[in-house]
Amino acid sequence: ATPTALLVGTGRGAQLGILIKGPEVLENTRKADTILLDKTGTVTTGRMTLLKVHTTGSTDETEVLRLAGALEHSSEHPIARAVAEGAAARVGTLPVPEDFANVPGLGVQGVVDGRAVLVGREKLLGERAVELPEGLRSAREEAEREGRTAITVAWDGEARAVLEVADAVKDTSAEAVRRLRSLGLTPVLLTGDNKAVAESVAAQVGIDEVVAEVMPQDKADVVRRLQAEGRSVAMVGDGVNDAAALAQADLGLAMGTGTDAAIEAGDLTLVRGDLRVAADAIRLSRRTLGTIR
Ligand code: ADP
Ligand code: MG
């Protein structure tokens, strides 16, 4: 490969809004046959809103919003932002937690107004032996069938509410998936979110293969598994939880609108966070290499 031709390729990349770490990256864009797409923030906008609150009979909705909102206010997760903003809009000023911890891939826990509060997936509650009563479980299932993310709220060892949050698919995602397919890549949706939500999003953008309920530390294993099948794997992600998978992938593409951790781990950055540019990047590098062969 002549370095000059490669550098011309990377210069054209910059014009398209693609930052390439080094010319050697181009070779891997040529080989990729599978592209893993993170859901939240990559295929969807990542800007979630709080839509609904379901409570158990004896629970006060304002209390749910105060406690859950207070905890989520300390987290940077897109779901957390939706809950904190939605809660503040409905109940006003939120208390400051006495204690707070992120539980990656599951939710948050802490102490608010002297109460031990959990907000997150049902699994987070399950790990602490808190069961979801039937009424809340059916609210969760119904929300997930509709493609929304259901978050459970518990305090003092009892599940009290299910919150529905939703995130819109970016209007460029379906087009991006079509372009990636036309380049011969198989798209796979990868997410820590629930299977029903993942399948709903996948159907909206034209993806057939879904790997859901993947813990942040296991995303890189999904990449390894596909590589072990002999596939050459590209991965597009935006979150801290995508960094290891981006590094493991044969080609890591980071959304420029995402976290620094993802951008550092990627080989290539899509500056404007437009997934269609992932297809441009792959086409560009194939063409660049084509001209120098
Ligand atoms: P993704 O892979 O789609 O970016 P994450 O791995 O960050 O998702 O999170 C997986 C799931 O864990 C979320 O869909 C949500 O159910 C739960 N979760 C994570 N963080 C939080 C939080 N701060 N509050 C509530 N739920 C959370
Ligand atoms: Mg994400």
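**View 1. The largest nonpolar core and leucine 253.** In the largest nonpolar core, which has 50 residues, the members that touch the most others are Leu189, Met235, Leu253 and Ala278. A nonpolar core here is a set of buried Ala, Val, Leu, Ile, Met, Phe, Trp, Tyr and Cys residues joined through C-beta atoms within 7 Å. Buried means that 20 or more other C-beta atoms lie within 10 Å of the residue's own; 12 or fewer makes a residue exposed, anything in between partly exposed, and C-beta atoms are placed from the backbone. Helix α13 (residues 276-292) brings the largest share of this core, six residues. Leucine 253 touches Ala234, Met235, Val236, Gly266, Leu268, Leu270, Ala278 and Ala281, leaving aside residues up to four places away in sequence. Touching, or contact, means C-beta atoms, placed from the backbone, within 7 Å.

A word on reading these views: this is a predicted model, in which local features need pLDDT of at least 70 and side-chain atom pairs count only at pLDDT 80 or more, while totals for chains, interfaces and linings use all residues. Residues are numbered from 1 along each chain as its sequence is written, with chains lettered from A and ligands numbered from 1 in the order in which they are written.

**View 2. Alanine 154 in strand β7.** Look for alanine 154 in strand β7; helices (H or I, at least four residues) and strands (E, at least two) are DSSP runs, numbered from the N terminus. Alanine 154 counts as buried because 27 other C-beta atoms lie within 10 Å. Its contacts, not counting residues up to four places away in sequence, are Leu118, Leu125, Val130, Ala159 and Arg160.

**View 3. The shell around ligand 1.** Here you can find 23 residues around ligand 1, with Thr40, His77, Ala80, Gly192 and Asp193 coming nearest. A residue belongs here if its C-beta atom, placed from the backbone, lies within 6 Å of the molecule. Elements giving two or more residues include α3 (39-43), α5 (78-91) and β7 (149-155). Both domain 1 (3-45 + 169-292) and domain 2 (46-167) supply at least three residues to this shell; these bounds come from an automatic or database domain assignment.

View 4. The C-alpha centres of domain 1 and domain 2 lie 31 Å apart. Their contact takes 14 residues from domain 1 and eleven residues from domain 2. On the side of domain 1 that touches domain 2, α9 gives the most, with four residues.

Note on methods. Contact = placed C-beta atoms within 7 Å.
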